[in-house]
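The sequence and coordinates come next.

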Amino acid sequence: MSAADTGTKPPVDRTEEEWAATLTPDQFRVLRMHGTERAGESGLNSEKRPGQYRCAGCDAVLFDSATKFESGSGWPSFYKPVEGAIGTNVDTSYGMRRVEVHCAQCGGHLGHVFPDGPRPTGERYCMNGVALKFEPAPSPPA
Ligand SMILES: [Zn+2]
């Protein structure tokens, strides 16, 4: 499955060879091959600082730390993406009906969204940490 399944070409469009050259093997496996990192593997699980979460593929801002919450799943979880930053597809692999989440800009696979999140959205964006880059907010002047 690829971004082409949505019928729209993502604005950032590279060949798989180009992605392989710019991403780490783990990033490539998740973003381009719909892989899933092991639960608890990402250092972003415990990231509590204010800041922004960007796409590891194309640098698009995807989530704000204000929407991150501790889901207990072992994957970084958010209840709301940045407006227009992500796209979704219904994913029926593994005999389950899940909603796949990808970066709207480069089509990179990020994770899945489940309808069991906290208020106000009730959604749980269950993300692969390796698909994200955390950028801490500048600290206030001392
Ligand atoms: Zn991206």
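Strand E1 (residues 51-55) pairs with E9 in the antiparallel sense over 5 bridges; two strands pair if DSSP finds at least two bridges between them. Within this pairing, Arg54 has Lys133 in E9 as its bridge partner. The model is predicted: local features need pLDDT of at least 70, side-chain atom pairs count only at pLDDT 80 or more, and totals for chains, interfaces and linings use all residues. Residues are numbered from 1 along each chain as its sequence is written, and side-chain values use heavy atoms, with hydrogens and water left out.

E1 and E9 belong to an open antiparallel sheet of 3 strands in the order E2-E1-E9. Its edge strands, E2 (61-64) and E9 (132-136), each pair on one side only. Neighbouring strands in this sheet are turned by 30° against each other on average, direction ignored (axes are lines fitted to C-alpha atoms, and angles run from 0 to 180 degrees between N-to-C directions).

An open sheet of 6 strands, also with antiparallel pairing, has the order E3-E4-E8-E7-E6-E5. Strand E3 (68-69) and strand E5 (86-91) stand at its edges with a single partner strand each, so one side of each is left without a neighbour in the sheet. Strands E4 (residues 77-78) and E8 (residues 124-127) run antiparallel and are joined by 2 bridges. Ser77 stands opposite Cys126 in E8.

| Strand pair | Bridges | Residues opposite each other |
|---|---|---|
| E4 and E8 | 2 bridges | Ser77 and Cys126 |

The protein chain has 2 helices and 9 strands, counted as DSSP runs (helices H or I, at least four residues; strands E, at least two) and numbered from the N terminus. Along the sequence the pattern is α-α-β-β-β-β-β-β-β-β-β. The radius of gyration is 15 Å, close to the 14 Å that the globule rule gives for 142 residues, so the protein chain is as compact as a globular protein of that length. The radius is taken over C-alpha atoms, and the rule is 2.2 Å times the number of residues to the power 0.38. Along the principal axes, the C-alpha atoms fill a box of roughly 45 × 35 × 25 Å. Buried residues make up 44% of the 142 residues (under 20% relative accessible area, 1.4 Å probe, protein chains only).

The second largest pocket has a volume of about 150 Å³. Of its 11 lining residues, His34, Asp91, Ser93, Tyr94 and Arg98 are the closest to its centre. On a 1 Å grid over the protein atoms alone, a pocket is an open set of points where a 1.4 Å probe fits, with protein on both sides within 12 Å along at least five of seven lines; lining residues have an atom within 4 Å of a point. The volume is the space filled by probe spheres set on the points.

How values were computed: Buried < 20%, exposed > 50% of the residue type's maximum accessible area, 1.4 Å probe, protein only.
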